[in-house]
Amino acid sequence: MTTTVSPQRAARARSRPRSPLAPYLFLLPYLLIFLSFWAWPIVSSFLMSFKDSRLGAVAPYGLSNWSRLVSDDFFGTALKNTLLILVIQVPVMLSLATALAVALNSRLLRAAGLFRFAFFAPLVVGTVAYSAVFRLLFNTDYGMVNRALHGVGLPGVDWLNQAGPAMTVLILAMTWRWTGYNAIILLAGLQGIPEDVYEAASLDGATPWQQFWRITLPLLRPSLLFCLVLSVIGTLQLFTEPALITNSGPGNATMTLGTYLYQQGFRSFNFGYASAIAYTVAALAAIFSAVQLRLFGREQ
Amino acid sequence: MTALPRDPRGQSARDRRNTALLHVILIPLALVFLAPLWMMLVFSTHPETAIFSPAPPLWFGGSFGENFRGLQADTNFLRALLNSVVIASVYTVLSMLLTSMGGFAFAKYDFRGKNVLFGIIVATLTIPAFVTIIPQFILVARDLKMSNTIQAVILPSLANTIGIFYMRQAFLTVPTDLLHAARIDGAGEFRIFWQVALPVVRPALAALAILLFLASWNDYLWPLIVLTQKDSYTMPVALGTLVGLTRVSWGGIMVGTAIATVPFLALFLALQRHFVAGIAGGAVKD
């Protein structure tokens with residue numbers, strides 16, 4: 001670099017490619033896919049929610065898909081079930097994941113590698129695979145869970161044939177599968193908290209419990225917020241577990257927005273109505289994300 | 001508990017008590033987390049009569065081969081396995097290429113429209129993938145007539161917004177001076193990307209590759225929708241057809257789930273660092 005050029009100008013010149021087209025060429029393949037398989041479908045799905053797609057022909061239809069949603073009992077059930085799972089499973093899972101992350105980060109822990117393996121192993125198991133395993137574990141007659149209950153003198157539960165227990169199995173399965181995933185994100189967040197904050201606090205006489213509430217949780221907030229947003233969006237789209245573990249049953253007791261959308265879209269091929277369900281999921285995701293950002297995301 | 005003052009000479013009485021308490025809680029919990037995996041492995045080696053006997057097995061038996069033959073007869077499992085390997089591999093390579101090229105452009109160039117484009121991509125990050133599934137189906141199955149093909153499974157998931165975000169973060173750490181030096185030496189822009197920048201972000205790329213492969217390998221809903229013929233099924237779709245039935249061959253299903261899972265458990269043990277980096281990296285924000 002010559003001494004006559006200011007550092008800023010030099011830096012700008014350096015970042016300049018010989019051809020001004022270069023960045024566009026790098027982006028082109030991704031952008032083509034992004035526009036055709038993601039951006040346009042987002043718009044198209046919204047438009048489709050106003051159309052009658054039954055009987056093959058797509059004709060203008062107005063708001064009837066949306067008004068049908070309001071009076072559709074199945075949709076009401078699916079919405080209620082999805083929100084119920086969300087309200088119970090996400091807080092349970094994130095509390096457990098936070099506790100696990102703190103425990104796995106503790107210098108008092110021996111054989112930390114073994115524990116990490118135990119808690120993180122479920123995250124490589126696919127949803128179909130673990131759905132099958134959970135269905136077998138909670139089998140009324142032969143499942144290991146009822147056998148264990150019998151073993152300690154308790155009565156077995158007809159897990160998958162009653163509404164409440166079937167919901168419980170779904171929540172347990174999802175918690176088993178996803179706690180480790182969230183614990184990894186939170187562990188990374190914990191390791192970003194400088195050690196000397198804790199040292200200063202304990203010099204001031206703060207107990208470990210106070211340190212957890214006053215230091216760990218506040219400083220972990222960005223990671224927790226990230227986990228929360230991801231978990232909420234994931235739960236709103238819940239499909240595989242209710243489809244394969246409980247088959248949306250008994251009756252429609254564990255039908256979710258995901259399984260109802262699948263049924264309307266890909267069993268009845270009612271694309272317009274299914275799109276309205278899809279956009280309900282999107283609207284809920286947007287509302288929840290906004291609320292979470294407001295409540296937990298400090299100014300930037 | 002992370003915060004207790006360090007004592008280089010050893011543990012205080014309180015530390016010892018806390019250590020014991022921590023392990024008393026964590027060991028049973030760890031066993032609960034491992035139990036479903038253990039049952040899956042053990043049951044894959046037993047005939048159904050043993051799985052459903054009054055005293056179910058806790059250790060391996062000798063029926064893995066027999067269970068596997070049953071599974072193969074029910075689902076053409078080997079074909080599904082091959083489909084899954086091909087789809088997940090092609091998807092991983094293509095997705096890494098697209099997202100690293102795009103991430104490189106966003107991280108290392110100034111160009112007109114950059115902020116708008118990146119803003120649009122980031123804005124769609126919180127939109128659930130569910131929203132697009134019907135238009136994607138119409139596009140792939142009806143307009144492009146791709147049902148039951150590899151392309152049908154791969155194309156829509158290549159629009160990976162998290163991937164491009166992640167690779168942009170990775171390329172931001174590459175010193176611009178390094179690229180400039182290559183430019184002075186006369187390297188073209190693609191060569192700078194391929195031979196200078198990409199090797200620097202190899203750890204991030206490895207972590208991303210693992211996550212992409214795993215996501216594709218375990219994907220269920222989309223392949224279920226676009227694959228309608230038995231011979232085009234991926235492994236999760238093939239297994240899913242068995243799980244929903246009333247008469248189920250559980251030994252066979254456990255073989256299938258074990259084959260789908262065990263290679264990744266082994267990989268996870270070997271590459272734990274990369275898995276963790278990939279998942280944690282997704283959480284890193286500006």
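What is the helix content of chain A over residues 83-105, and how far apart are the end C-alpha atoms? In this predicted model, that stretch is 100% helix and 0% strand, and its end C-alpha atoms lie 32 Å apart. The segment is among those that an unreviewed UniProt entry lists as "transmembrane region" in chain A, namely residues 21-40, 83-105, 117-139, 159-176, 219-239 and 271-291. Residues 271-291 of chain A are likewise 100% helix with 0% strand, with 30 Å between the end C-alpha atoms.

For chain B, the "transmembrane region" feature is placed by UniProt (unreviewed entry) at residues 20-43, 80-104, 116-138, 150-171, 192-217 and 248-271. Residues 20-43 of chain B are 100% helix and 0% strand, and 34 Å separates the end C-alpha atoms.

The contact between the two chains draws on 107 residues of chain B and 91 residues of chain A. About 9300 Å² is buried between chain B and chain A, and carbon and sulfur atoms account for 77% of this area. Between the chains there are 11 residue pairs in polar contact, counting pairs with both residues at pLDDT 80 or more. The count of salt bridges between chain B and chain A is 1; the side chains of Arg107(A) and Asp15(B) form a salt bridge with an N to O distance of 3.2 Å. On the side of chain B that touches chain A, helix 1 of chain B (residues 13-43) provides the largest share, with 17 residues. By class, this side of chain B comprises 74 nonpolar, 24 polar and 9 charged residues.

Within chain B, the assignment gives domain 1 (8-43) and domain 2 (64-281). The C-alpha centres of domain 1 and domain 2 of chain B are 34 Å apart. Contact between these domains involves 4 residues of domain 1 and 8 residues of domain 2. The area buried between domain 1 and domain 2 of chain B is about 450 Å², with 82% from carbon and sulfur atoms. Met40(B), Leu41(B) and Phe43(B) contribute 84% of the area that domain 1 buries against domain 2, more than any other three residues. Across this domain interface of chain B, 0 salt bridges are found, and 0 residue pairs are in polar contact with both residues at pLDDT 80 or more. The side of domain 1 that touches domain 2 in chain B consists of 4 nonpolar residues, with no polar and no charged residues.

Methods
Residues numbered from 1 in each chain as written. Chains lettered and ligands numbered in written order. Predicted model: local features only at pLDDT ≥ 70, side-chain atom pairs only at ≥ 80, totals over all residues. Heavy atoms only, no water. UniProt positions renumbered as here; feature names shortened; annotations may be inferred. Helix = DSSP H or I, 4+ residues; strand = E, 2+ residues; numbered from the N terminus. Contact = heavy atoms within 4.5 Å. Buried area = accessible area lost by both parts, 1.4 Å probe. Salt bridge = Lys/Arg side-chain N within 4 Å of Asp/Glu carboxyl O. Polar contact = N/O pair within 3.5 Å; in protein donor to acceptor, adjacent residues only side chain to side chain. Nonpolar A, V, L, I, M, F, W, Y, C, P; charged D, E, K, R; others polar. Domains from an automatic or database assignment.
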